[in-house]
Amino acid sequence: MSEETGQIIVFDIGEEKFGVKITEVHEIIRMKRITELPINSPYIAGIINLRGDIISVIDLRKRFGIEDIVEDDNTRIIVVEFEGQNVGLIVDAVSEVLHIDESKVDVPPRSMSGIKNDYIRGIIKVGEHIVILLELANLLKSKEKIELDKES
């Protein structure tokens, strides 16, 4: 693999496909019971016990303002590292791992500029589909960081 090639974990939220770099993902687990916490953030679903480690879990549907659905057998938690701690991201399904050439990642259109700088690293065309490549550090920063720090 050249330096310009990377792997992306592709997951679904609603009808949209999103991706994160595989190097940012620790593991992908089946949905498990989440302990809710009395906190104000609408995005933080609560915490889980993952082999003795307590991990905060963020619901990406709520983070993106997408209507809730009933969890099913495809629902997953993607465990990523954010500023030295593991965080879980609830997604509808994990669909594939893509090998991409960095030169094939397009800049988001100007019409997306409101969220582009915060969450979106790029756009990848895969056949007829579009995969929105997320910038996890920015996605998890702001309000979530404050809430995660309170839990620690």
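This is a predicted model: local features need pLDDT of at least 70, side-chain atom pairs count only at pLDDT 80 or more; totals for chains, interfaces and linings use all residues.
Me: Why does Val 79 count as buried?
Reply: Its relative accessibility is 1%. Buried means under 20% relative accessible area, exposed over 50%, partly exposed in between (1.4 Å probe, protein chains only). At 1%, Val 79 therefore counts as buried. Val 79 is found in strand β6.

Me: How many helices and strands does the protein chain have, and in what pattern?
Reply: There are 4 helices and 10 strands. These are DSSP runs, numbered from the N terminus: helices are H or I with at least four residues, strands E with at least two. The pattern along the sequence is β-β-β-β-β-α-β-β-β-α-β-β-α-α. Of the chain's 152 residues, 43% count as buried.

Me: Why is Phe 18 with Phe 64 called a stacked pair?
Reply: Rings of Phe, Tyr and Trp (its six-membered ring) pair if their centres lie within 6.5 Å; planes under 30 degrees apart count as stacked, over 60 as edge-to-face and the rest as tilted. Here the centres are 5.0 Å apart and the planes stand at 25°, so the pair is stacked. Phe 18 sits in strand β2 (residues 16–21). Phe 64 is in the loop between α1 and β6 (76–82), 46 residues away.

Me: Which other ring pairs with Phe 18, and what values describe the pair?
Reply: Phe 11 does, at 6.1 Å centre to centre with 20° between the planes. That pair is stacked too. The structure holds 2 aromatic pairs. Ring pairs link Phe 11, Phe 18 and Phe 64 into a cluster.

Me: Why is Phe 18 classed as it is for burial?
Reply: Phe 18 has a relative accessible area of 7%, so it is buried. Phe 11 is buried as well.

Me: What makes β2 and β10 a strand pair?
Reply: Two strands pair if DSSP finds at least two bridges between them. β2 and strand β10 (residues 129–134) have 3 bridges and run parallel. Phe 18 stands opposite Ile 132 in β10.

Me: How do β9 and β10 pair, and what lies between them?
Reply: Strand β9 (residues 120–126) pairs with β10 in the antiparallel sense, over 6 bridges. Gly 122 stands opposite Leu 133 in β10. The two strands form a hairpin with 2 residues between them. In the turn, Gly 127 has a positive phi of about 60°.

Me: How do you know that Arg 63 sits over the Tyr 43 ring?
Reply: A charge sits over a ring if NZ of Lys or CZ of Arg is within 6 Å of the ring centre and within 35 degrees of the ring normal. Arg 63 is at 4.6 Å from the ring centre and lies over the face of Tyr 43.

Conventions. Residues are numbered from 1 along each chain as its sequence is written. Side-chain values use heavy atoms; hydrogens and water are left out.
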